[in-house]
Structure formats: C-alpha cells, structure tokens
Amino acid sequence: MNPYILATLLLGLGLGTTITFASSHWLLAWMGLEMNTLAIIPLMAQHHHPRAVEATTKYFLTQATAAAMLLFASTTNAWLTGQWDIQHMTHPLPLTMITIALALKIGLAPLHSWLPEVLQGLDLTTGLILSTWQKLAPFALLLQIHPTNSTIMITLGIFSTLVGGWGGLNQTQLRKILAYSSIAHLGWMILVLQYAPSLTLLTLIMYFIMTSSTFLVFKLNKSTNINSLATSWTKAPALTALTPLLLLSLGGLPPLTGFMPKWLILQELTKQDLAPIATLAALTALLSLYFYLRLSYAMTLTMSPNNLVGTTPWRLQTAQSTLPLAIATTATLLLLPLTPAMISLFFM
C-alpha cells in the first residue's frame, strides 16, 4: 500500500477514535465510530484476497448494523427524554439498545459470531489493530453510559467467557484462537464494568499488552496455524522459550501479568456478593487455559511433521522491528509486582 494512503487511513482511524473519546453528544460519538469503521475497511481489504474481501464485507455489515442500532437508540432516547447527552441515559429502553449495539461492535457473545470469521480472513497486523484499537471507542462509550441493567451485563459477561473458552478448544487456526481469547477477555471486562469501571479500564490495557505481544510473536514467526508453530524453534529459539509464558499470561496464571486483572475482578465480584458468578467466571478461565496450554505444547514440545525431502527453515535474520515485541513481552511477563501501584493509580 502507498505510504501516503496508509498514513491517511491510520490518521483517520486515530481521529475517529479521538472524536468518540471527546464527544458528549450521541451524534458526534456515532460519527467517530463511523469514521473508525470506514478508515479500517481499506486496511482489511488491501491484499485483494477472496478471504480478506469476505472478512471485510462481514465486518462492514456487522459494524453498519451496530451503528444503525446506536443511532436509532440515541434518537429514541432524545425523543423520550429530550436529551442527546451521553451522560444522561436515563430511560431503560434506549440504554439497553445501546448496550446491545456496543456489544455487537466489540464482539461480545451471543453477538460474537462475526469476530472469529473476520479475524481469520485478515493478516496478523490488521488483526492486531482489530483486536486492540477498534475496541477503544465502544469501550469509551460503555464506560460513560454506566449500564445499570445488571442482568444484561452479567449475562453478556458470563456468556462471553463461556463461549470464548469453549469456542477455542477445537480450533487449529491461530487467528480464530486469538478471536475466542478476545471474546473471553471482553467477558471479564463486562462482568465488572458496572461495579468498578476503572478495573475494566485496567483489564483492557493489560489485554492490549498481552494480545499485542502474542500477535507480534506469530507475525515474527509467520505462523497462522498450530502446525506451523512447531517449526518456530529453528527461527527464534529464545522467543520460542518465552512464548509459552506469554500464552500462560493470557490465560491468567501467576506470577505473570495476566493474573492481575483476573485476581482483582474476582475480588471485586466477591465484594459485591456475587460469589457464584465469580466462581463460574474462574471455572470458564480453565477452558481458555486449556487451549493456551495446547499452543504452548505445540510450540515447545513437538517437532514439525517433516518428510525426508522436506527442508528445515533457515535461521534468517528478520527484517521486522523487534522493539515493540520486546516491550510488549516484558510487560506481559513482569508487571504483576506493580499491582499495588496499578491499584493506587486506577482507584484514586
């Protein structure tokens, strides 16, 4: 892609998110979300591959549906209450509709079925943008409206953690596994959103760091399925040794960074007298942990299926910049001791 066009699209992506962040009026927030969607469409379809075009079409239709629901709900709210302000969502009908529209935008279960299919059709760089940056604007709106219907939020959250764990069990494609991982993590964030919004924000940031490091590892190894992970030891032995730790951090095992948000969320749910919900969420995390362990096993403890005429990949020097990967990996592995600092920062 032409660098000028790429820069324009990335600036459009950033501008759309910034407009949504800065808006207090529903129409302006909707415009920001639309700019965001329109800027990423050419990035998704840039390879002119049938799978990429299919994924782009699915994404566009899903986001257009969610945006139409959002606009309809905000118009209904203005009609019922006379308010266009995001902070003044008082009527339960438009509030529920907007919550569902934003759930569709970010891919919460049971509105999740587009996400694995779309992510599977994209290259890893665009998939990373879709899994991280595209979640920011809808989450900014969710944090502002403070959804008060606890039944919907807990249902969406538990359903997402269950579907995210269950859906990833039988997958062999890494991008689909990361999509189900995303659904499971979003479920954890939504569970605690109405009780501790700052904890949702902390979990979102931690999820961004861990997902970025995982995507960048797969991009460096040019891996798209589980079988191709087995050859990665010939290309980057040190990184292959660290990758299981990254995956276990995504699963939420101590003493890695991924344990921090899960620990704090379970603590908060218990404080709110939701011990059964906390127990169910902790059990669904075991499902996700299983497929992370499966990836770790495939990467470190198996040899690639190779016949006699097959050639072993050479250890060529990569031309990719490894600085973002190094920073994300360090943060994914070593931030747990900073939990008290994070708590004081986010809960002031």
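1. In this note, Ala, Val, Leu, Ile, Met, Phe, Trp, Tyr, Cys and Pro count as nonpolar. Asp, Glu, Lys and Arg count as charged. The others, Gly among them, count as polar. Keep these groups in mind for the linings and the contact below. Note too that the structure is a predicted model.

2. Start with the records. An unreviewed UniProt entry places the feature "domain: NADH:quinone oxidoreductase/Mrp antiporter transmembrane" at residues 23–287. In the model, this span is 77% helix and 0% strand. Its end C-alpha atoms lie 38 Å apart.

3. The unreviewed UniProt entry also gives the feature "transmembrane region" for several stretches, including 151–170 and 274–293. Compare these two with the model. Residues 151–170 are 85% helix and 0% strand, and their end C-alpha atoms lie 30 Å apart. For residues 274–293, the span is 95% helix and 0% strand. The end C-alpha atoms of 274–293 lie 29 Å apart.

4. Now look at how helices pack. Helix 3 covers residues 50–81, and helix 4 covers residues 92–106. Their axes are 8 Å apart, at an angle of about 165°. Angles over 145 degrees count as roughly antiparallel, so helix 3 and helix 4 are roughly antiparallel to each other. Their crossing is left-handed. What kinds of residue make the contact of helix 3 with helix 4? They divide into 15 nonpolar, 6 polar and 1 charged.

5. A second pair is helix 8, residues 150–167, and helix 15. Here the packing angle is about 25°, and the axes lie 7 Å apart. Angles under 35 degrees count as roughly parallel. Helix 8 and helix 15 are therefore roughly parallel to each other. The crossing of helix 8 and helix 15 is left-handed.

6. The structure holds 4 cavities of 30 Å³ or more. The largest cavity has a volume of about 100 Å³. It is lined by 13 residues, and the closest to its centre are Y59, Q63, K105, Q134 and P138. The lining divides into 7 nonpolar, 4 polar and 2 charged residues.

7. Helix 2 gives the largest share, 3 residues.

8. Among the residues that line it are T161, H185, W188, K262, S288 and Y292. Helix 9 (174–193), helix 13 and helix 15 each supply at least two lining residues. The largest share, 4 residues, comes from helix 15. By kind, the lining holds 5 nonpolar, 5 polar and 1 charged residue.

9. Turn to an open space. The second largest pocket has a volume of about 150 Å³. Its lining includes L253, F259, W263, L266, A282 and L289. Helix 14 (259–271) and helix 15 (275–300) each supply at least two residues of this lining. The kinds are 9 nonpolar, 2 polar and 1 charged. W188, G251, K262 and A285 line this pocket. W188, G251, K262 and A285 also line the second largest cavity.

10. Check the backbone too. Most residues other than glycine have a negative phi, and most peptide bonds are trans. Where are the exceptions found here? A cis peptide bond joins A109 and P110, with omega of about 5°. P110 sits in the loop between helix 4 and helix 5 (114–120). The bond from P254 to P255 is cis as well, with omega near 5°. P255 belongs to the loop between helix 13 (237–251) and helix 14.

11. One more backbone point concerns K222. Is its phi positive or negative? Phi of K222 is positive, near 55°, and K222 is not a glycine. K222 lies in the loop between helix 10 (197–221) and helix 11 (226–229).

How values were computed
Residues are numbered from 1 along each chain as its sequence is written. This is a predicted model: local features need pLDDT of at least 70, side-chain atom pairs count only at pLDDT 80 or more; totals for chains, interfaces and linings use all residues. Side-chain values use heavy atoms; hydrogens and water are left out. On a 1 Å grid over the protein atoms alone, a cavity is a set of points where a 1.4 Å probe fits but cannot get out, and a pocket is an open set with protein on both sides within 12 Å along at least five of seven lines; lining residues have an atom within 4 Å of a point. Grid points are joined across faces, edges and corners, and a volume is the space filled by probe spheres set on the points. Axes are lines fitted to C-alpha atoms, for helices over the stretch in contact, and angles run from 0 to 180 degrees between N-to-C directions. Angles under 35 degrees count as roughly parallel, over 145 as roughly antiparallel, 65 to 115 as roughly perpendicular and the rest as oblique. A crossing is left-handed if the near helix is turned anticlockwise from the far one by less than a right angle, and right-handed if clockwise. UniProt positions are given in the numbering used here, feature names are shortened, and annotations may be inferred rather than shown by experiment.
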